[in-house]
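Visitor: I'd like to know where the labels on a model like this come from. Could you walk me through them, setting each value against its definition?

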2 protein chains.
Amino acid sequence: MSIDAVLSRIDDQLPEATERLLDLLRIPSISTDPAYAEHCQNAADWLVRDLQSLGIKAEARKTPGHPMVVGHVEGPKDSAAPHLLFYGHYDVQPVDPLELWNNDPFDPQLEDTPNGRLIRGRGSSDDKGQLMTFVEACRAWKEVNGTLPCAITFFFEGEEESGSPSLTPFMEENAEELRADLALICDTGLFQSKTPAIVTMLRGMLSEEFTITGPRVDLHSGFFGGLAINPIRVLSQVLADLHDDQGRVTVPGFYDGIPELSDEVRAQWDGLGFDWQNFLGGVGLSKPAGEQDRTPLEMIWSRPTAEVNGIWGGYTGDGFKTVLPAQAHAKISFRLVDGQDPLKLRAAFRDFVQSRLPEDCSVEFKGHGASPASIMDNTDPAFEAARQALSEEWPEPAAFVGCGGSIPIAGHFGSILGMNAMLVGFGKDDDAIHSPNEKYDMESFHKGTRSWARILHRLTDNA
Amino acid sequence: MSIDAVLSRIDDQLPEATERLLDLLRIPSISTDPAYAEHCQNAADWLVRDLQSLGIKAEARKTPGHPMVVGHVEGPKDSAAPHLLFYGHYDVQPVDPLELWNNDPFDPQLEDTPNGRLIRGRGSSDDKGQLMTFVEACRAWKEVNGTLPCAITFFFEGEEESGSPSLTPFMEENAEELRADLALICDTGLFQSKTPAIVTMLRGMLSEEFTITGPRVDLHSGFFGGLAINPIRVLSQVLADLHDDQGRVTVPGFYDGIPELSDEVRAQWDGLGFDWQNFLGGVGLSKPAGEQDRTPLEMIWSRPTAEVNGIWGGYTGDGFKTVLPAQAHAKISFRLVDGQDPLKLRAAFRDFVQSRLPEDCSVEFKGHGASPASIMDNTDPAFEAARQALSEEWPEPAAFVGCGGSIPIAGHFGSILGMNAMLVGFGKDDDAIHSPNEKYDMESFHKGTRSWARILHRLTDNA
């Protein structure tokens, strides 16, 4: 069959598809705030109705938190096409600081700018707009061909922005129902806003919070200063020791077992022409600050990091208080790569801190998340098929890329359901996800929808 | 004349004196919180009435902040006795955390404990109880002798706990009126809770707040971590560099010009038998953390320090947020000693920070207080006279001591009025000033009052 009729249908129906997305964006489905629970339910119900309108058996399934939307549709009879699962999330980030928004975050607007038309509103890029690219591709396909090209399971989460507490229990309890041949995830971006990208490696994450205690109570820095140990001084020393002057993390064993990039991947990445000066320049920086013997792309995609995400201790209000505090605190996260064991590194980090404490100080740790890196199997022919499909749609050929962030769902498909996952998304670096004035370019929405139609075609055409 | 009748009068009138103090303690004169401004006025008015009842011409004088209480009384005609000024403050610290108090901080109680009777309540030790020791000594003296032994100016401040913004302008505007031969200040403590002490050196203070900025906005530690500089990492390095491994401050020139202790002072301090193990043990510590080649008393009295009083940056709330923050902040104070120039050290510290910044970071400083150390002239015969008076009252002989804290008023008497100042006080280390459940021992109040009578006698008897 030819894909052209489906692509034309997508083009023709873009105004209606946009209206549907605006309708979904009007639902303030902020998952982290209990006051918005009903709106999360409403967004789930909206999606169920929309899937049902495509002839998909769908329902909003209860969890201890917000509902999971699960839908199933059969493909053509006797087709050998793979069974696909599509994942997206319908919940959104909170909107504060509200005063920095130029319009109501939940009254989405179309804006024409020198860079083209865009959709402004919370969730437009993360992830409602991206989620709907796949749904709209399916709608066009169904309308043209009367049926979808293969069996598809739709799986929409409502807790992605609040730590996904119900996700793995739900996947474990419904493993048989959810298992498919390949998971498609649409929650990532283009490479440098113009090159379509398939993410093949995601960094994992280990996060730790700790408190160093010195004196039993806060002290007066006049009466005790110079004699009593100050835990902020100790914390500063620990944090300063965490990197050497070449930007390497100094926790013993931190780099053990990390494979070097293959020559092939390295050549591919070199070919991407990553404009790191522009990437850093956009946030007011000019110098790569990581391991000085690594390229900027390695620093963010394939090398692990240690970042202090928060520090506090003593008096932090207006004015001055000459306290010598009893405690100092930090939150640290490590981005992990292939070969690193989060639990082993947690122990190594705790030893690292402990060994730096003077006799009079103690430390208490609070472990937060620990998830290994996710490495997708891109020898799966589906990856090359998707790469070709994306290259046909966009002006630049598609690339296999890394992603410095952590998207735990990609790992869960492997570890819980034994499935490979492929991450394709159309967000741009300037979409301001998690920030005020989030937007999604109409180009992302339109070409994203067309991209999924092409991918569906490539993955099922020979079946 | 004999002092015995005055001392007996103080003993007899202790219950009435205590009631008066309790009455003053019931006024919640918290100076830093504008909601308590009327109560500060009430405390000032209370003191004016009390001074007037002693035949002292007193009034509450307006300032842009809380009133100053100023009172004057003549001494006996043709007396050659020195004109004394007495300083104390009627304002108190805030009371939070209120839930840690065992009783209402402004419903003061007498408590009998294994260590004797005490007065519990905010301000009992700092400084209403101390202030009233002097007033009660004057009352007894007046009642026995019909007149005070010398001209005395009473000068009570209401902004000591909120940075004394009106103090120096008021002293400058009223210099002629306030100038006397010697200032007496009652806002310090006994040495180790049993040895009466005259403070002859107070450390000065330089305080600085600064913010290090890296990226222009907060970043996602997944997308930027490893490539973008984290200002918390830079701040930690700066703070860690501030001390070497021997506890010395590393700011260039920091120790320039500081005199060594004279052999006489050193011998005297050695003779005090400072029980630093007990002093540190009381707050859960065991090791002197300052300059390792100095004695513990030097560390807190005669050597300068650098203490970080507060740090903050990134996400400090519950849970985790993987932010790579744009900024990191610190508040630092330096306790200064004889020979150190605060303004010169402010410049040296700023250079120290600036020289440690990587190219992509900037720093903004906000200067807070800068006051030099105060060294009292203890060759003034009044000091020896007071030392003898105190030694007669207390079981241990009085000592000339240092004080690690900063009491700027002592310096102002010298710099603005050209007067020497003598600091004598009766607080104990466990009075919990600035903390919940503040108390003042009845022994401090009673023997403190008797001490001032003896000091007045010694300072005026030969006149």
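Guide: Helices (H or I, at least four residues) and strands (E, at least two) are DSSP runs, numbered from the N terminus. Asp341(A) sits in the loop between strand S13 (327-336) and helix H11 (342-354) of chain A. Bear in mind that this is a predicted model, where local features need pLDDT of at least 70, side-chain atom pairs count only at pLDDT 80 or more, and totals for chains, interfaces and linings use all residues. Residues are numbered from 1 along each chain as its sequence is written, while chains are lettered from A and ligands numbered from 1 in the order in which they are written.

Visitor: What makes Asp341(A) count as buried, exposed or partly exposed?

Guide: Count the C-beta atoms, placed from the backbone: 20 or more others within 10 Å of a residue's own means buried, 12 or fewer means exposed, and anything in between is partly exposed. Asp341(A) has 17 C-beta neighbours inside 10 Å, so partly exposed it is. The C-alpha atom of Asp341(A) is also 9.4 Å from that of Phe254(A), 87 residues apart along the chain.

Visitor: And Asp78(A), is that one buried or exposed?

Guide: Exposed, because Asp78(A) has 6 C-beta neighbours inside 10 Å. Asp78(A) belongs to the loop between strand S2 (68-73) and strand S3 (84-89) of chain A. Its phi is near 65°, a positive value in a residue other than glycine.

Visitor: How do you know whether Ser164(A) is buried or exposed?

Guide: Ser164(A) has 20 other C-beta atoms within 10 Å, so the label is buried. You'll find Ser164(A) in the loop between strand S6 (152-157) and helix H5 (167-173) of chain A. Phi is positive for Ser164(A), about 50°, although this residue is not a glycine.

Visitor: Where does Asp127(A) lie, and what is the peptide bond from Asp126(A) to Asp127(A) like?

Guide: Asp127(A) is in the loop between strand S5 (116-120) and H4 of chain A. The bond from Asp126(A) to Asp127(A) is cis, with omega near 5°. In the other chain, the bond from Asp126(B) to Asp127(B) is cis too, with omega near 10°.

Visitor: On to the two copies. How do you know how they are related?

Guide: Chain A can be laid on chain B with an RMSD of 0.2 Å by a turn of 180° and a shift of 0.2 Å along the axis. The two copies are thus related as by a two-fold rotation axis. The superposition is by least squares on the C-alpha atoms of residues with pLDDT of at least 70 in both copies.

Visitor: How many residues of chain A are in contact with chain B?

Guide: 65 residues of chain A are in contact with 65 residues of chain B, where contact means that the C-beta atoms, placed from the backbone, lie within 7 Å. S11(A) gives the most to chain A's side, with nine residues. And 100% of the interface residues of chain A are also interface residues in chain B, so the copies meet through the same surface.

Visitor: What makes H7(A) and H7(B) parallel, perpendicular or oblique?

Guide: Axes are lines fitted to C-alpha atoms, for helices over the stretch in contact, and angles run from 0 to 180 degrees between N-to-C directions. Angles under 35 degrees count as roughly parallel, over 145 as roughly antiparallel, 65 to 115 as roughly perpendicular and the rest as oblique. H7(A) and helix H7 (residues 231-241) of chain B pack at about 120°, with their axes 8 Å apart. That makes H7(A) oblique to H7(B).

Visitor: Is the crossing of H7(A) and H7(B) left-handed or right-handed?

Guide: Left-handed. The term applies if the near helix is turned anticlockwise from the far one by less than a right angle; clockwise gives right-handed.

Visitor: What about helices H2 and H4 within chain A?

Guide: Helix H2 (residues 14-25) and helix H4 (residues 128-145) of chain A pack at about 140°, with their axes 10 Å apart. That makes H2(A) oblique to H4(A). H2(A) passes H4(A) in a right-handed crossing.

Notes. Contact = placed C-beta atoms within 7 Å.
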